[in-house]
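Work through the exercises below with the model open. Try each task before reading its solution.

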Amino acid sequence: MHIVFFGDQHLDSLGGAQVSMRLQREFLERAGHTVTVVAPRMHTSRGSATRLSENPAYVDLPSVPITVDREYSMSWPGRGTDRFLDRAMTRRPAVDLVHVQADFWGAFIGHRYAARHGIPVVHTMHNRVDVGLAAVTPFHRPVLGILNAWRRTALRGVGETVAGSDGWAFLRGLAAGASAVTAPSTHFARRLEQHDVFDTVDVVWNGIDDDLRDDTLAAAPAQREPGRPRFVWLGRMSPEKRLLPFLEAFVASGVDAELDIIGGGAQRAAAEKIVAGRAGVRFAGRLTYAQTLEHIAAADALVQTSIGFETQGMTPFEAATLGTPSVICDPDIAAELSGGLWAVPDAGATATGREREARRADALAETLRRAASDIAAGTAPTPVPEVAEAFRQSSRTAAMIRVYERVLAGR
C-alpha cells in the first residue's frame, strides 16, 4: 500500500502526535508499505536540514511560522496549496489510502486531497479541541465558532455539511469525509461516539519503538540506584499541561525528592520562578526521544498532570512499558492503564473555580507525598505487564493495517 499521512505540523517538530506519526511511518515501511508525509514546511534549522536531505518520505507544503520560536507553522488550505500538493504527488506512486492525523489545516488539506482524487480516508483524532482552547484562551467559544466556519468553507463539498459551533461539531465535520475514525484511547473513542462524531471508532493506541524500548531497558540498571525518590515530568510547557499547578503542589508537598522537567514552551520562565532555589529540581530542556526514554526509565515515577485534555496521554504509557509507575491526575488515563500508578483523587463535581483548583493542588501534593513514601519504602506499584506489551509500536501498526485493509476492502 501507499499511504499518505497528513499532519498539522512537520514530523521533525516537537509534539506527541509527531512522535507517534514518525514511529507509524517507520513501522509501516518495515512491513513493506510506502508512506508519504504531507505537512507544513518548518522554519527552524532542523527544518532546513530536512529540506537539504530531500527526504523522499516528505512533502513540505508552503507555510508561514505561527510561533515566536518558529517551531510550528501553518499551510493555508486553499487552491494554491492544492495545486502544489497535486504536482508533488505526480512524482510518487499511486495512492491507496489517505490517513489524516491532523485537527486543523492539515486535516482540511488532507480531506480536500482525498476528495479530489477519490481516495478513502482513515482519520485519527488526536485532539480535544474544546478543552485545549479553553485552557489557553477565555474566548474559546467564539474561537470555536470561527474554526467551525473555517471548516465549513475549507471542506465545502467534502462529505455531508455539518452544522454547529462547538468542539464536537468541529470533529464531526472532520469525520464526515472519513471511511474510518480511530482514537488513541478507549475513553476518547467512547466520547467521540457519544457525541456522534462517528458511529464506531476504532481504538488504536500510539506506541513506543520496540527496538528503542528494548535498548533502553537493557541499558537501565537492574536495581534501583540509591538516593532520594526521583520524579520526572515531561511535555509542552503550556496551560493545558498544568505544569505550573504541579510545581506549586510539588513545593507545597515538602517531599524530599528530585525532579527532572523535560520539554519547553512559553511557561518555562514562570515554572523556573516557582522552584527557584529548590534543590534537586532540574530543567533538562528539549531532549531527543531516546534521551527522554532514558530519563523515564531512570525515574522512580513519572508525573502526568493534565486533566481532560489528553486523548491518550502517551507519557504514562511510555513509562509503563519501561517499568516506571506514574502519578496520574486524569481519571480517564488512570483507568486506561489499569494499575501500576498513584491516582490523584478527583476534586469533586460540586467544586468550581478557585475552590476546585485548591482541592486539586492539595490532592496532588498529598499523592506526591504518598508516592515518595512508597518509593522510599520499596513498595511502589508495578505497571501492568499486558499494558506494556500492547504498547509496542509493532502491535499498534498491525492493528492499524487491519483498519486500512477493512477500509480498502469496503470501497
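**Exercise 1: the cover of a helix**

The cover over the buried residues of α10 includes β10 (230-234), β11 (258-262), α11 (268-274), β12 (281-285), β13 (301-304) and α15 (353-377). This is a predicted model: local features need pLDDT of at least 70, side-chain atom pairs count only at pLDDT 80 or more, and totals for chains, interfaces and linings use all residues. Residues are numbered from 1 along each chain as its sequence is written, and side-chain values use heavy atoms, with hydrogens and water left out.

Task: find the buried residues of helix α10 and the residue that follows the helix.

Solution. Start with the terms. Helices (H or I, at least four residues) and strands (E, at least two) are DSSP runs, numbered from the N terminus. Buried means under 20% relative accessible area, exposed over 50%, and partly exposed in between (1.4 Å probe, protein chains only). Helix α10 spans residues 243-253, and its buried residues are L243, L244, F246, L247, A249, F250 and S253. An α-helix has 3.6 residues a turn, so residues three or four places apart point the same way. Next comes G254, which follows α10 and has a positive phi, near 70°.

**Exercise 2: salt bridges across the chain**

Solution. A salt bridge is a side-chain nitrogen of Lys or Arg within 4 Å of a carboxyl oxygen of Asp or Glu. The whole structure holds 23 of them.

- R112 sits in helix α4 (residues 105-117) and D82 in helix α3, 30 residues apart. R112 is buried because its relative accessibility is 16%; D82 is buried at 8%. D82, D86, R112 and R116 are linked in a network of salt bridges.
- D202 is in strand β9 and R406 in helix α17 (residues 393-409), 204 residues apart. D202 is buried at 17%, whereas R406 is partly exposed at 45%.
- R242 lies in the loop between β10 and α10 and E357 in helix α15, so the pair ties together parts 115 residues apart in sequence. R242 is buried at 14%; E357 is partly exposed at 31%.

**Exercise 3: an arginine without a salt bridge**

Task: which side chain of opposite charge is nearest to R151, and how far away is it?

Solution. Lys and Arg count as positive and Asp and Glu as negative; His and the chain ends are not counted. R151 is found in helix α6 (residues 140-154). R151 is buried yet has no salt bridge; D166 is the nearest side chain of opposite charge, 7.6 Å away. Now list contacts (heavy atoms within 4.5 Å). Not counting residues up to four places away in sequence, R151 touches F108, V162, A163, G164, A169, F170, G173 and L174.

**Exercise 4: a buried loop residue**

Solution. V204 is buried because its relative accessibility is 7%. V204 and R396 are 192 residues apart in sequence, yet 6.3 Å apart in space, C-alpha to C-alpha.
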